[in-house]
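Try each task before you read its solution.

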Amino acid sequence: MSWGFLCDLLSGVNKYSTGIGRIWVAVVFIFRLLVYIAAAENIWKYEHDEFECNIEQPGCENVCFDHFFPVSHIRLWALQLIVVSAPSLLVVFHVTYRENREKHHNQKLYRSPGQRDGGLLCTYLISLILKTAFEVVFLVLFYKLYNGFKVPRLVKCDVRPCPNTVDCYISKPTEKMIFLYFLVATSCLCIVLNLSELSYLIFKYPLKRYLKRHNKKHQ
Amino acid sequence: MDWGALQTILGGVNKHSTSIGKIWLTVLFIFRIMILVVAAEKVWGDEQDDFICNTLQPGCKNVCYDHFFPISHIRLWALQLIFVSTPALLVAMHVAYRRHEKKRQFRKGDQKCEYRDIEEIRRQRFHIDGSLWWTYTSSIFFRLVFEAVFMYAFYFMYDGFRMPRLMKCNAWPCPNTVDCFVSRPTEKTVFTIFMIAVSSICILLNVAELCYLLAKFFLRRSKKAGNAKHHPNHENKEETKQNEMNELISDSCQNTVIGFTS
């Protein structure tokens, strides 16, 4: 079980997506997943080992690291990728449900089980809203947990058993900050894509119906 | 998900590229991605562990490492490869869109559609003409821009392409100017120069491909204008002949250059 499972899931959803949805899948694959696996994971690999405090007191380093990094950036990033891709499962489940229903009744109930109309369109819209909501929630979580998206070189720690206020140094802070900004930028891009897709779908169908009625009147 | 997935995606674009495009793709896969994964990652693997400063002051090493390497070479190359490969996706999306339109025409029973079945549409190789030409040319242009930007960023951040053995650091909390020693500086310099050289080759290939496409475009235009004047019906025969020649050239190149299956 690894990231390959997520890839298969998203490739499956790609079939039932709009053009913008496919761009979203490409952005998630290439600019988020691939960057995470090929580059970002290694930056945070030894973050605990390389976190150094100016003190010999046993336990002080552990306690300070835990105080400043309750959840590591990289784990939050991985969670975000998984949670944000999950709503796409709703669409896949709905299409599977439609196909099973056709098999069960042994007749053609839909024009095509994967066609985005009626209930499937609602499911698709709900998945878009959930994706956007999860993106925003994770960005806010990142902001609140780490007081912004900056990674400082030095943090001052006075948690027991540290005897006084102790200087602790974070490893590779600049590199971590660059990749965090990259994460934020790609999240915002995905939010914009989701909102565009949402508006496109919401306005497309009423507009089609209005144009049909307009043409009928003229005829 | 890893570089293999990127290889699969780009391999699909290979079918619709020019011969120079196929050479570029080969150079990208073999001399950049493979070298990065198989060799370079190991050379930079222990970079912070073996970065040693001549001081016992806690925190000095961390701060000095961060000061001299704001972003590691290996991460910068990974980002460069991702960004440089991405414009090819534009071409893949355009081809997929064209294929989708042809399938729609076929299903409607359009008489203009010349395919016998859907499988033929799926297997068909599109020529680089019309709007696909613009997409393809823009993708090459963006590739060039990204390559140039990353090479400049490299040069600017590391003051050249050499990795020094010794760096003098006086960032706080280091008490004085402290000597810091980089691990494997010569090996890192060799790989850096190799990657820069291959980037330059890729830039040259992209420039050559761009010139080739532009030359073909202007040549076709002038032929059309000339034919329209003298032989209004002749231009279609000439175009079909040119298309057949293109197909022959690219097919023969596909056999000689290492290609990646779609």
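The exercises below concern a predicted model, and each comes with a worked solution.

**Exercise 1. Work out how the side chain of A:E197 is placed, and which partners it has.**

Solution. Start with the location: A:E197 sits in helix 7 of chain A, which covers residues 173-218. Next, look for a charged partner. The nearest side chain of opposite charge is A:K131, at 5.3 Å. Then turn to polar partners: the side chains of A:E197 and A:T18 make a polar contact of 2.6 Å. Finally, list the surroundings. Setting aside residues up to four places away in sequence, A:E197 touches A:T18, A:I20, A:G21, A:Y124 and A:L128.

**Exercise 2. Decide whether A:L201 is buried or exposed, and find its contacts.**

Solution. A:L201 is also found in helix 7 of chain A. Its relative accessible area is 2%. The cut-off for buried is under 20%, so A:L201 counts as buried. For the contacts, leave out neighbours within four places in sequence: A:L201 then meets A:T18, A:R116, A:L121, A:Y124, A:L125 and A:L128. One of these, A:T18, is 183 residues away along the chain, yet the two C-alpha atoms are 9.0 Å apart.

**Exercise 3. Describe the interface of chain A and chain B by its area, its residues and its polar links.**

Solution. Begin with area. The size of an interface is often expressed as the accessible area lost when the parts come together. Here chain A and chain B bury about 2,800 Å² between them, with 67% of it on carbon and sulfur atoms. Now count residues: chain A gives 33 and chain B gives 30. For charged links, there are 2 salt bridges between the chains. A:E175 and B:R75 form a salt bridge, their closest N and O atoms lying 2.8 Å apart. On the side of chain A that touches chain B, helix 1 (3-14), helix 2 (19-43), strand 1 (52-53), strand 3 (166-169) and helix 7 each supply at least two residues. Helix 2 of chain A provides the largest share, 13 residues.

**Exercise 4. Characterise residues 42-75 of chain B.**

Solution. First check the record: an unreviewed UniProt entry lists this stretch of chain B as "domain: Connexin N-terminal". Then read the secondary structure of residues 42-75, which is 41% helix and 6% strand. Last, compare the ends: their C-alpha atoms are 13 Å apart.

Note on methods:
Residues are numbered from 1 along each chain as its sequence is written. Chains are lettered from A and ligands numbered from 1 in the order in which they are written. This is a predicted model: local features need pLDDT of at least 70, side-chain atom pairs count only at pLDDT 80 or more; totals for chains, interfaces and linings use all residues. Side-chain values use heavy atoms; hydrogens and water are left out. UniProt positions are given in the numbering used here, feature names are shortened, and annotations may be inferred rather than shown by experiment. Helices (H or I, at least four residues) and strands (E, at least two) are DSSP runs, numbered from the N terminus. Buried means under 20% relative accessible area, exposed over 50%, partly exposed in between (1.4 Å probe, protein chains only). Lys and Arg count as positive and Asp and Glu as negative; His and the chain ends are not counted. A salt bridge is a side-chain nitrogen of Lys or Arg within 4 Å of a carboxyl oxygen of Asp or Glu. A polar contact is a pair of N or O atoms within 3.5 Å; within protein, one must be able to donate a hydrogen and the other to accept it, and residues adjacent in sequence count only if both atoms are side-chain atoms. Contact means heavy atoms within 4.5 Å. Buried area is the accessible area (1.4 Å probe) that two parts lose on being put together, summed over both.
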